[in-house]
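Thanks for coming, everyone. Please bring the structure up on your screens, and we will walk through it together.

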Amino acid sequence: MSLPKRIIRVMPHEDNLRYFNVTIDGPSGSPYEGGKFKLELFLPDDYPMLAPKVRFLTKIYHPNIDRLGRICLDVLKANWSPALQVRTILLSIQALLSSPNPDDPLANEVAEEWKSNEQNAIKTAREWTERFAQ
Amino acid sequence: MDIIAQELDQLELETRGQEESANRALLASQGEPSSTFKSENVSVASPPNSSGYDMTDSLDEAPIDLRTLVYVSIPEHLNCPICQLPFINPYTTICGHTFCRTCILETFKSPLGNKCPLDRIELNYKEERQETEEKNYNDIFPAPIILSNITDDLQVRCLNASRGCKWIGPRWSIKQHLVNSCDHTRFPCEHELDGGQVCGKLTERRFLGDNCPHELFDCAKCGEKINIVSEEHHLKNECTKNFHKCNGCNLEFPEKMFESHESYCEKIHVRCPGKQYGCEWRGSREVLSQIHSSECVFVKLSGYFELQEAKMSDLVDENKMLKSQISTILDSITQGKMTNLGYSLQLEEIMDRDRSTDPGRLFDNLQDKDYIQLMMELEVLKTDLNRLRSLASEFELNKQLVTAVANENIQIKDELHNQTAALSSMRQQIQFMLLDRRRLRSKLIDAEATPSPKESSSGRFTNKL
């Protein structure tokens, strides 16, 4: 049995141990498959009482991620719990890539497109993945 | 599920180490300022790696930060879900989860508020309880004592490990070790200087003696000013005249250069790099590089061995992850629930299935949507039932009709029998009459010999028949 493919990489920053460079592989079966998405993750002073701050650095076409890379995810905001960890948060973000939720949008235009013409939106997401996330 | 499990494994492998090291670094950095400040007071010549435990206050109150301890091994189940370290003063919630006291109380002040961080159940808690209030008002209480005992028994390393202390012992005894026996704990030096002042420099216990360990004297080798505290460091890293003879090339080098010399001396005796796989050979580095390494079977095989070892350790890691996952799943099953905190995918709750077989609790977790659907199904069933009822009554009517017809049939059959009987009696009568006629005829033939006038009438009779 071979080891599973590496899917999420986390490296602490040399100068600041609260700052992490993260790479998430686009989940298979999603329009982000084959892409490598860079994120930055920062643990605030009050971590784990406050959620880590996470932002996409790679451009991505997704209804819950805006063009500044900010992520609309409940566990990063109101539903944060100190028992969650960097590991669980990054898994949630990867799951968000697998199942976009246009009914709770952050990027309104993307969400509109997703609702009115899903085929086209998925096509655009795939194109963006090829263009920006390689 | 499989994919998620795999991902989890992988991620765990990758992030765990980093997260832990980061945690430790953070914790260490929080405790850092005071210790660096103190080390500035100490003489410049003191060894550089001096982070450890210092006794500056009275013996009774020596605060030890248990969170900076390094554990020999940590059973995962004894880790607080919040700080990810073995429990310190564990408290348990009414929902059955356990946290360090400080961790859960800190959580209550965070945006999450008075909720369990694992299942978000509301917890009642008041920091200052009034005497008049009900006793069991709080939803968190000290965990069973056995848990504290187990965590207190975990093996830890001495806080002075970086100063050279090799002590390993149970967590409950660390304070006693640091205060009473560890040679590397630093105390303020109490010796009086020439001017009548107290020296006050922080000094490890092993240097404290009758004389002030900070009194300077000349190094026996190079003549530089040193003291007892800095002697070891000086001889090893600074002194230029502390010569040491190399066993290989018989040349003398200062101690501080010896390590680098050892790494390149061609004559020094070394062991074969294949010794971990069983090669017994030892000899000078020269011979090794020129002759032995090209001959040794173990060296040739070492590449293969390393590959196997890497694979093996991968598998061991994987096995460990899987085991821990299984135990987590078993735990959640025994607790009767699967918490899927942090995962957007819904895990199916096993208990729900059991519940659905119990009619009394069937409606416990119905939502409006389910209710409406059920009502609609009920309506459909009702109309079906009505239709069936009308069909049944129709069927009853048909049945009556059929029995009536059958009765009639029997009557007709009887009548038919009567008719047949009448018919057969008539046939007998006719046969009797025919016989009678033949007899008459034969009489007539007898009489024909003597012709008679009756012949014409009998001929008419035959014609009629």
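First, a term we need: a strand here is a DSSP run of E with at least two residues, numbered from the N terminus. One caution as well: this is a predicted model.

Let's start in chain A, with a single residue. Where does A:T23 lie? A:T23 sits in strand 2 of chain A. Is A:T23 buried or exposed? Its relative accessibility is 18%, and the cut-off for buried is under 20%, so A:T23 counts as buried. What touches A:T23, leaving aside its neighbours within four places in sequence? The contacts are A:I7, A:I8, A:R9, A:K36 and A:F37.

Strand 2 covers residues 19–25, and strand 3 of chain A covers residues 36–42. The two run antiparallel and are joined by seven bridges.

Step back to the whole sheet. In chain A, four strands form an open sheet in the order 1-2-3-4, and the pairing is antiparallel. Which strands stand at the edges? They are strand 1 (8–12) and strand 4 (53–56) of chain A. Each has a single partner strand, so one side of each is left without a neighbour in the sheet. On average, neighbouring strands of this sheet are turned by 20° against each other, direction ignored.

A helix packs on that sheet. Helix 1 of chain A, residues 86–98, touches strand 1, strand 2, strand 3 and strand 4 of chain A. The direction of helix 1 makes about 35° with that of strand 2 of chain A.

Next, a helix pair in chain A. Two packed helices are described by the angle between their axes and the distance between the axes. Helix 2 (residues 108–116) and helix 3 (residues 118–132) of chain A pack at about 130°, and their axes are 5 Å apart. That angle makes helix 2 of chain A oblique to helix 3 of chain A. Which residues make the contact? Helix 2 of chain A brings A:E113, A:W114 and A:S116. Helix 3 of chain A brings A:E118, A:N120, A:A121, A:I122 and A:A125. Sorted by class, this contact has four nonpolar, two polar and two charged residues.

On to chain B. Chain B has 465 residues, and 28% of them count as buried. Its secondary structure comes to eleven helices and 13 strands. The accessible surface of chain B is about 32,600 Å², with 55% belonging to carbon and sulfur atoms.

Zoom in on strand 1 of chain B, residues 90–93. In a regular strand the side chains alternate between the two faces of the sheet. Here, B:P90 and B:T92 point one way, while B:Y91 and B:T93 point the other way. All of them are buried.

What does strand 1 of chain B pair with? One partner is strand 2 of chain B (residues 98–100), antiparallel, over three bridges. Strand 3 of chain B (residues 140–142) also pairs with strand 1 in the antiparallel sense, over three bridges. B:Y91 takes part on both sides: its bridge partner in strand 2 of chain B is B:F99, and B:P142 stands opposite in strand 3 of chain B. Strand 1 and strand 2 of chain B form a hairpin with four residues between them. In that turn, B:G96 has a positive phi of about 90°.

Last stop: helix 4 of chain B, residues 174–181. The buried residues there are B:I174, B:H177, B:L178 and B:V179. They pack against strand 4 (155–157), strand 5 (168–170) and strand 6 (186–188) of chain B.

Technical notes
Residues are numbered from 1 along each chain as its sequence is written. Chains are lettered from A and ligands numbered from 1 in the order in which they are written. This is a predicted model: local features need pLDDT of at least 70, side-chain atom pairs count only at pLDDT 80 or more; totals for chains, interfaces and linings use all residues. Side-chain values use heavy atoms; hydrogens and water are left out. Buried means under 20% relative accessible area, exposed over 50%, partly exposed in between (1.4 Å probe, protein chains only). Contact means heavy atoms within 4.5 Å. Accessible areas come from the Shrake-Rupley method with a 1.4 Å probe; for residues, only the protein chains shown count as cover. Two strands pair if DSSP finds at least two bridges between them. Axes are lines fitted to C-alpha atoms, for helices over the stretch in contact, and angles run from 0 to 180 degrees between N-to-C directions. Angles under 35 degrees count as roughly parallel, over 145 as roughly antiparallel, 65 to 115 as roughly perpendicular and the rest as oblique. Ala, Val, Leu, Ile, Met, Phe, Trp, Tyr, Cys and Pro count as nonpolar, Asp, Glu, Lys and Arg as charged, and the others, Gly among them, as polar.
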